[in-house]
Every structure is written in structure tokens, then in C-alpha cells.
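This report looks at salt bridges. Have the sequence and the model at hand as you read.

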Amino acid sequence: MTGTDDLLYHVDGDVVPAAEATVNVRDRGFMYGDAAFETMRAYGGEVFRWDAHADRLRGTCETLGLDHGLTDADLESRIDETLAANDLADASVKLSISRGVQPGKLDPDPAVDPTVVVYVSPLPRGGTAPEAEPVPDAPAALQTVRPQRVPDRAIPADAKTHNYLNGILARLELRSSDADEAMLRAAEGYVAEGATSNLFLVDDGGLRTPSLEGPVLPGITRDTVLDLAAEEGIPVEEGRMTPADVRDADEVFLTNSTWEIRPVATVDGVDVTPGDVTPGDATHEGADRDAGPLTTLLSRLYARRVERLHY
């Protein structure tokens, strides 16, 4: 697999070696986290649900009052150029837009000369082919952490910005445990989301997931899972849940663009693997990790959709 130093990135209109991909130290994205980004997954050379990512990016920029002046088509072409330059069909893609270099003061100038960067990293093939591999290749260990999700009225939850300190603090707390994903709660104590993921649980044959009325990022993969559930007639409840609800669930899984649908093996050290699942079972079609029946079904449906759209 290609090393980082061998990759090419797209910086302000130019494709450059990763080692030469730099931005100004006075860039507001570096100084204040004053920047928007999207992490996406490319399959077969195309970004999965680009339109949805572009819409969310536009919403973040509107929240920031960042009028970068670039069209969705222009941004998509930069992604395409970066994938082509690296000869990558299957990859993780990060598109970042900052307000650019401005005088060192907190209030931004109205005039914007944006810094636009596209980073890519190779991933295994997705979909349903025999060579398709899950990312990562093991179930998650989920841990409730002390840092809370920032209230929506402080920093809007639907704004995906460079300021990820909340998630960083949550992940740092995991260093004293065997967990690899943090479960953040809202101020009221209800579950919000993972540090880099949305959360679902299975209860009595239906799905439950934290409502977007709370401080929850509206994930693109989350939305895809809800769409797949609707097509299959699977009941879905969007509302409030506690960590105890998650620990007592029949199945638990996480979603994000890179992981797709990732089963959870433990929550706060409690085994949540369904009793009829034997660790190490391989089921293929997007579900070759230990998972319960509904998680497996949704993983397979997700993989089939990717296969149909991109391969």
C-alpha cells in the first residue's frame, strides 16, 4: 500500500507531493480552526454520495460565514484530479476549506482568499467482490467518556469544522482503557455520538439512534443506513438513549464514511456481541466482522449499494 510520502495532495489548485503540501502558518484554519471539511470515501474512482457531502460542506461554510466562491463542480474536480494523480480508485478523501490567510485577529475579514486542500489515503476495495475488505477489520470497543458533546447552541452540531478538540479529549481518555472509540453524551447525560462516528443500537428487531434534535452530526453514512432501513421496512426510532440502553442492546454498531457500518463488541467493557454470533465468523458482503443479524443485513445492503453504484 502507498506510503504517505509517496502520495500527492491538491493544495490551492496545484497537485504536489505530500512532503511539499504546506499552508501558511497564519492561515485561519491553523490559527483558529476556522475551516470546514468533509471526510469521504471513494469507490471505483468516485466519491460515494458526493452531493450529500457537498450539501453538508455548504451548510458548514454558511454557519461559518465563509463564502469561498467555489462551485461544487470545481471542488469535485479537485478531488477527481487528486485521485487520478495518485492512481487511486478506492480511497479515503478529505476536502478542507479554510478562510485563508488574514491579519492575526479573531474577527474575520469579509474578503476571503480560501485555502483549499484535498488529501487522499488508499483504502481496500469496497462493495461485494471477494477482495473487498472492511475498514477496520475488527469490531469496535466503545467506552463512555467524561468529555461531553458541545451543546448545539454553543457550536452547531451540523458544522464539521477543523476544531475537533472535543473529540480529541474524548479519544485521549481512551488511552487508559482497551477501547478504540469514545461515546460522548450531551449535557443532559443522553448519548450523542462517537468521537468520529454516529451510533445505532438494535432493540426488539428495530433500530434506535440518537435524534438530530440533540448535538449530533448528521452523518452521511447514518443517513444511508436510515434509507436502507426504510427500504427494508425495519422500524427506526430516533430519540434519546442512555449508556445503559446501549450496554443492554441486542446489537450495537457505529457508522462513518470510512468504516461504513462497524459492529461494536463491547460497551464500557460489557460484551454486547449477540449470543448466536461466534467470534471470527466470516459472512462476507460487507459483514465479515463479528456482528448480529440486523447489523449483518444492513452491512450487506450497504455493500450491495456501493457495488451497484460504483463498480
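Which kind of contact joins the side chains of arginine 125 and glutamate 131? The two side chains meet in a salt bridge, at 3.7 Å from N to O.

## The model and its terms

This is a predicted model, where local features need pLDDT of at least 70, side-chain atom pairs count only at pLDDT 80 or more, and totals for chains, interfaces and linings use all residues. Residues are numbered from 1 along each chain as its sequence is written, and side-chain values use heavy atoms, with hydrogens and water left out.

The structure holds 22 salt bridges. The term covers a side-chain nitrogen of Lys or Arg within 4 Å of a carboxyl oxygen of Asp or Glu.

## Arginine 125 and glutamate 131

Arginine 125 is buried, at 16% relative accessibility. Glutamate 131 is partly exposed, at 48%. Buried means under 20% relative accessible area, exposed over 50%, and partly exposed in between (1.4 Å probe, protein chains only).

## Arginine 305 and glutamate 231

Arginine 305 and glutamate 231 form a salt bridge at 2.8 Å, N to O. Arginine 305 sits in helix H7 (residues 293–310) and glutamate 231 in helix H5 (residues 220–232), so the bridge ties together parts 74 residues apart in sequence. Helices here are DSSP runs (H or I, at least four residues), as are strands (E, at least two), numbered from the N terminus.

Arginine 305 is buried, at 13%. Glutamate 231 is exposed, at 52%.

Salt bridges with shared partners join Asp203, Arg208, Glu237 and Asp245 into one network. Within it, the side chains of arginine 208 and aspartate 245 meet at 3.9 Å, N to O. Arginine 208 lies in strand S11 (residues 206–210) and aspartate 245 in helix H6 (residues 243–247), 37 residues apart. Arginine 208 is buried, at 15%, and aspartate 245 is partly exposed, at 28%.
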